[in-house]
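I wrote down what I looked up, entry by entry.

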Amino acid sequence: MSSTDISINKDVHHAHEEHDHHHDQNFFEKYIFSQDHKVIAKQFLFGGIFWGFVGGFLSVIFRLQLGWPEATFAFLEPIFGGWIVNGKLDPEFYLALVTMHGTIMVFFVLTAGLSGTFSNFLIPLQIGARDMASGFMNMLSFWIFFLASIIMFWSLFLSTGPAGGGWTVYPPLSALPQAISGSGMGMTMWLVSMALFIVSQLLGGVNYITTVINLRTKGMSMTKLPLTIWAFFLTAILGLLSFPVLFSAALLLIFDRSFGTSFYLSDIYIAGEALANTGGSAILFQHLFWFLGHPEVYIVILPTFGIVSEVIATNSRKPIFGYRAMIGSMLGISLLSFVVWAHHMFVTGMNPFLGSVFMFLTLIIAVPSAVKVFNWLATLWRGNIRFTAAMMFAIAFVSLFISGGLTGIILGNSALDIQLHDTYFVIAHFHLVMGAAAFFGMFCGIYHWFPKMFGRMMDEKLGFVHFWLTFLSAYLVFMPMHYIGIAGFPRRYYSWTGFDAFNTFTDLNSFISIAAILGFTAQLIFLFNFIYSIFKGRRATANPWHSNTLEWTTPVNPGHGNWPGEIPTVYRWPYDYSKPGAPEDYIPQNVPFSQTQSSNLPYERDLE
Amino acid sequence: MDMVAKSLGEENNTGGIHPLKFTLWLIIISIIMMFAAFTSAYLVRRAEGNWLEFDLPNIMLISTVIIALSSVTMQLAHNAAANDNIAKLRLMLYLTFGLGIMFLIAQWNGWSELVGNNVYFGGVTSNPSGSFLYVLTGVHGFHLVTGLIYLAIVIVSSLRYKVHSKNMLRIQLCTIYWHFLGGLWLYLYLFLRLNH
């Protein structure tokens with residue numbers, strides 16, 4: 001009986017494969033509910049770009065308030081209606097704006113938009129796989145993200161406003177709907193959306209890890225992987241370990257808000273009235289949140305480490321300096337990211353001894369970070385550098401990472417943090433090191449892999465204009481913030497004109513706002529370039545950057561299954577650029593040593 | 001299963017383990033992290049005082065026995081499938097499913113017992129110590145329901161003669177997940193016993 005069943009199964013299986021290869025998919029299968037990793041990557045990319053503009057727009061609005069606190073913004077009334085009262089921004093709306101800016105940028109753009117795009121697109125292409133381990137789960141990951149996006153976007157249009165308790169949603173503020181209007185329906189939708197978002201990230205991450213472990217092509221050992229893949233792989237592991245913890249924290253917060261439990265609430269008086277909740281601990285939420293929250297910043301920055309390493313090596317026409325040190329430092333950073341979360345909580349009254357332990361662990365992160373910076377600079381050193389738009393963004397990434405990383409050493413000191421906590425110094429630090437830097441890494445990836453995604457080139461001249469405006473405005477926005485931060489200027493304040501100490505910074509704040517508006521406007525150039533190039537860009541060749549990795553061995557527009565014939569076998573690491581004795585300055589990974597006898601190193605002769 | 005057939009059909013697998021099985025282990029890791037968060041939050045919160053002490057419902061010992069038994073029957077079902085003993089396979093799957101339902105009923109009765117002792121999930125008189133117990137058992141119960149759904153899928157495929165020694169993936173996955181759910185409950189039960 002069972003043998004009959006087996007043969008039936010085989011037939012079914014066979015029929016399915018035939019179906020995949022010969023039957024034209026309809027529009028929905030091909031572009032909407034696609035299980036092809038390349039289409040899903042583009043869906044994440046479009047989603048990320050959309051959210052990037054929403055998040056950027058929100059920041060421009062609150063920068064208007066900060067830059068010109070006395071001005072009236074009656075012209076915004078058509079867009080925001082009731083949130084503009086007599087031409088003034090409603091203070092609670094201001095809080096909602098900064099909350100949503102943070103949530104959107106950290107989670108929807110730099111987590112889903114970045115990992116979702118490049119992990120999906122590059123993992124199968126660079127390891128030599130036909131697709132992800134489970135295309136179905138991959139599709140589910142995008143559509144759950146889409147659902148989370150709709151709920152989050154919808155919450156922007158509630159009459160009580162979206163969530164307003166900061167992107168870290170600390171209780172008790174976020175747990176009590178009567179506290180501010182942003183803790184009402186908007187907060188509920190925030191939690192529902194984030195719960196879905198976490199499910200989406202876990203589905204995606206599980207897939208990335210499985211694919212990297214199980215579906216590498218012949219010869220592709222872990223030490224022949226491009227650094228991009230290592231970065232995406234470690235990012236996915238971080239997500240797998242930390243997102244469930246955020247889920248737990250959010251679940252308890254949902255219970256506190258809607259089911260009358262007291263996990264985070266205790267002894268609270270609100271509007272002169274005592275609440276019945278006893279026994280909760282607000283600090284508990286911070287511990288749970290930052291156990292995700294700190295790895296989360298590496299979830300944001302690690303993929304760009306990989307992208308930038310790849311682009312810098314390709315465009316310096318040199319092997320990446322210290323390939324194994326790069327992997328080692330990424331492993332070190334990933335490991336350390338789980339044992340430093342309490343440096344976000346130095347001023348919560350934690351035990352100073354515990355604080356010094358976390359301080360020590362935090363400062364150690366400077367070591368692997370410095371290794372990476374050193375290796376990037378050493379890769380550029382005496383390279384035959386090609387200044388493509390992607391390369392500009394990659395080099396600027398290193399610059400931003402250094403400037404932002406240095407202030408991390410200052411903030412990591414628990415004693416200095418007493419002065420700097422919750423000031424604009426913190427804002428400047430993390431916007432440079434994980435905000436702007438991650439955006440630069442993302443732009444770098446888009447400019448570099450655009451030809452493989454859409455079969456056309458983006459316009460380099462517009463790319464340069466976009467680059468210089470973005471680069472200048474990033475520094476013009478965030479450098480002055482260090483200064484006002486050291487002066488004690490607090491973050492999240494709607495209005496600071498009532499404080500004499502801060503009134504002297506009016507001009508500086510207007511300056512920052514002007515730079516922010518410039519930076520946002522520059523992104524419209526990118527948007528135009530991006531959309532225009534999809535349809536009208538110069539046609540790309542199969543390997544326009546003369547790069548070594550496997551994705552460039554596919555046709556210009558790789559179809560379903562990526563390689564029309566057999567999957568290429570890998571013989572060498574991905575960084576054989578400018579190898580002495582080789583006729584070309586690059587040797588793709590799928591070229592066997594027997595074909596490159598003139599350039600083989602002594603130990604490679606055995607592999608011929 | 002055809003979810004991965006395309007990518008696996010022609011190429012060799014570098015991991016030495018079926019991708020879906022690997023995926024399942026990753027999902028299990030994420031569930032472990034979730035419960036690690038809950039139980040460490042429990043410990044941190046308990047150390048801060050103002051903690052209501054109460055007796056664990058006795059029926060939870062019974063539910064522990066039930067779920068341990070269901071793990072045994074699940075393993076027997078797996079072995080029966082490996083030996084192509086279809087009748088025994090079905091019997092054991094039914095038994096496992098029944099025991100799973102019984103476990104949920106026992107947990108529900110445990111909740112009733114708690115409410116009888118004035119230990120509430122939420123509300124004016126609730127204390128986090130009680131709420132935590134409801135959350136731990138509730139979230140575990142939710143995962144057990146997902147396990148039951150998957151078990152039902154395996155039962156249906158066994159009725160269609162699709163579970164046998166040459167087609168073990170489904171039941172292997174189910175067995176791993178089911179043992180995990182049993183082990184998770186054992187951990188939670190011991191954790192609650194020791195921290196009460």
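I take helices (H or I, at least four residues) and strands (E, at least two) as DSSP runs, numbered from the N terminus. I am working with a predicted model, in which local features need pLDDT of at least 70, side-chain atom pairs count only at pLDDT 80 or more, and totals for chains, interfaces and linings use all residues. Residues are numbered from 1 along each chain as its sequence is written, while chains are lettered from A and ligands numbered from 1 in the order in which they are written.

I looked up A:Arg382 and found it in the loop between α12 and α13 (389-411) of chain A. Its phi is near 60°, a positive value in a residue other than glycine. For burial I count other C-beta atoms, placed from the backbone, within 10 Å of a residue's own: 20 or more is buried, 12 or fewer exposed, and in between partly exposed. A:Arg382 has 9 such atoms within 10 Å and is therefore exposed.

A:Arg386 lies in the loop between α12 and α13 too. With 13 other C-beta atoms within 10 Å, A:Arg386 is partly exposed. I call two residues in contact if their C-beta atoms, placed from the backbone, lie within 7 Å. Leaving aside neighbours within four places in sequence, A:Arg386 is in contact with A:Asn315 and A:Met391. I also checked A:Arg386 against A:Asn207: they are 179 residues apart in sequence and 35 Å apart in space, C-alpha to C-alpha.

**Entry: α9 against α12 in chain A**

For packing, I use axes that are lines fitted to C-alpha atoms, for helices over the stretch in contact, and angles that run from 0 to 180 degrees between N-to-C directions. Helix α9 (residues 282-316) and helix α12 (residues 366-380), both of chain A, pack at about 20° with axes 9 Å apart. That makes α9(A) roughly parallel to α12(A). My classes are roughly parallel under 35 degrees, roughly antiparallel over 145, roughly perpendicular from 65 to 115, and oblique for the rest.

The crossing of α9(A) and α12(A) is left-handed; a crossing has that hand if the near helix is turned anticlockwise from the far one by less than a right angle, and is right-handed if clockwise. From α9(A) the contact takes A:Phe305, A:Val308, A:Ile312, A:Ala313 and A:Ser316, and from α12(A) it takes A:Lys372, A:Trp376, A:Thr379 and A:Leu380. These divide into six nonpolar, two polar and one charged. Here Ala, Val, Leu, Ile, Met, Phe, Trp, Tyr, Cys and Pro count as nonpolar, Asp, Glu, Lys and Arg as charged, and the others, Gly among them, as polar.

A:Pro172 lies in the loop between α6 (135-155) and α7 of chain A. A cis peptide bond joins A:Pro171 and A:Pro172, with omega about 5°.

As for α7(A), 23 of its 30 residues are buried, so I note this helix as mostly covered. Helix α7 (residues 185-214) of chain A packs on helix α2 (residues 19-47) of chain B at an angle of about 135°, with their axes 9 Å apart. The two are therefore oblique to each other, and α7(A) passes α2(B) in a right-handed crossing. On the α7(A) side, the contact is made by A:Leu202, A:Val206, A:Ile209, A:Thr210, A:Ile213 and A:Asn214; on the α2(B) side, by B:Pro19, B:Phe22, B:Thr23, B:Leu26, B:Ile27 and B:Ser30.

**Entry: chain B overall**

Chain B has six helices and zero strands. Its C-alpha trace spans about 60 × 35 × 25 Å along the principal axes. Of its 196 residues, 36% are buried. Among contacts between residues at least 6 apart in sequence, 76% join residues at least 24 apart.

B:Tyr161 is in the loop between α5 (128-159) and α6 (169-194) of chain B. Its phi is near 60°, again positive in a residue other than glycine. B:Tyr161 is partly exposed, with 15 other C-beta atoms within 10 Å.

**Entry: α18 of chain A**

Which residues of α18(A) are buried? The list includes A:Ala515, A:Ala516, A:Gly519 and A:Phe526. Among what covers the buried residues of α18(A) are α3 (37-67), α15 (424-454) and α16 (460-486) of chain A.
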